[in-house]
Amino acid sequence: SPSATPHGAVMSSLLERPLHERAARLDKARDSMKPLLENGVLFQNKCETVFSEFRISCVHLRREPATVDAVKEKFVAWRYLCKLCRERPFLHDRVTEVLKILMLSYAWMEAFAEDPECSIEDLPSDLQEEFRRRGEEANDPSGNQREPGGYPSQSHPPSSPSDPGKLTGSMQVVVQRCTKARLLVDERAGRWSEIGFGLFVAVFFTKHATEEKVAPAARFILSAKLSTSSAKPGGEAESVASLCSRGLAQGLLVLPQASLQSELHEKEMSLTYVAQSNAERLYNAFVQAVHSAASELIAGPRKAQLQIVAGAFHGGQVMDISSAGPFMHSFML
């Protein structure tokens, strides 16, 4: 088979392409965003692939500001990036890379400010202050902060990236793929609620969590490629929404899990769990958001109903889970 090409060599080759080819690639990437903005199911299934192409195109033009400025229909890209930030918080680092390129262009910043559907609050929280400052520079009527061509004075370079390890999410989530799982819902009667293929989802809410912020997390759980319909180890991962839309049964078993964030007291070697005062309300909102997202994302003539089993917020939890391997992920969403 052909030998792999080093990543650096690939990037160098792409940067050597004629400028008009790189500009056309960026236009094509922007155009591919349009149908996803109009179709929620299409967005959930293809948003990362389309963003990846746009990101690569931007990186290849980062040294060509005039070409970046000349892109038409900037509002399409801005609306897409805002939506992506809301619904895919785990992509914030890669989106930030693109935002820092676009922020250098006053033409792009002005387009953002002029679009009522774009909000700074949708962007990664650790970039919002810098983005707001750049927007104020773009709208400065005196033009005192501009250099010819609309780019910032080199005496005031963009601030350095924030600590990449900083957590900005509202929920800590651990997801375990399962072939079946069940939860004891009535101990006295010995009654269990059970799911087959699907996901066990444990959730914890940080102090930043609000009812509005848990909805994107619910959509992520259903649209990320975390599940499978095969009992064989290493089966191809697909999203719960995609599998259900094809008529394949899936389930979610959701439990609150305060122990996902805890503090260790070294002297006593004891643990203290971080409590969220309104965690019960947030948990109920998350479960409801899962039901709502399932109704929206699962579509098609052969669609299967998603089975959702949610544990009570208070009291002990007894559960059994079977899986085809330790396929587990942890996310801050």
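Visitor: How are α4 and α7 oriented to each other?

Guide: Start with the angle between the axes. Angles under 35 degrees count as roughly parallel, and 65 to 115 as roughly perpendicular. In this predicted model, the axes of α4 (residues 40–60) and α7 (residues 92–102) cross at roughly 40°. The two helices are therefore oblique to each other. Their axes come within 10 Å.

Visitor: Is the crossing of α4 and α7 left-handed or right-handed?

Guide: The crossing is left-handed.

Visitor: Which residues make the contact?

Guide: Look at each helix in turn. From α4 come F51, F54, R55, C58 and V59. From α7 come R94, V95, E97, V98, I101 and L102. By class, 8 of these contact residues are nonpolar and 3 are charged, with no polar ones.

Visitor: Now the sheet. How do I read the pairing of its strands?

Guide: The general idea comes first. Strands of a sheet pair through backbone hydrogen bonds, either parallel or antiparallel. Here 3 strands form an open sheet, ordered β3-β2-β11, with antiparallel pairing.

Visitor: Which strands stand at the edges?

Guide: β3 (191–195) and β11 (319–322) do. Each has a single partner strand, so one side of each lacks a neighbour in the sheet. From one strand to the next, the twist averages 15°.

Visitor: How many bridges join β2 and β3?

Guide: Strand β2 (residues 180–186) pairs with β3 over 5 bridges, in the antiparallel sense.

Visitor: Which residue of β3 is the bridge partner of R182?

Guide: Find E194 in β3; E194 is the bridge partner of R182.

Notes. Residues numbered from 1 in each chain as written. Predicted model: local features only at pLDDT ≥ 70, side-chain atom pairs only at ≥ 80, totals over all residues. Heavy atoms only, no water. Axes fitted to C-alpha atoms, helices over the stretch in contact; angles between N-to-C directions. Helix = DSSP H or I, 4+ residues; strand = E, 2+ residues; numbered from the N terminus. Parallel < 35°, antiparallel > 145°, perpendicular 65-115°, else oblique. Left-handed = near helix turned anticlockwise from the far one by under 90°. Contact = heavy atoms within 4.5 Å. Nonpolar A, V, L, I, M, F, W, Y, C, P; charged D, E, K, R; others polar. Pairing = 2+ DSSP bridges.
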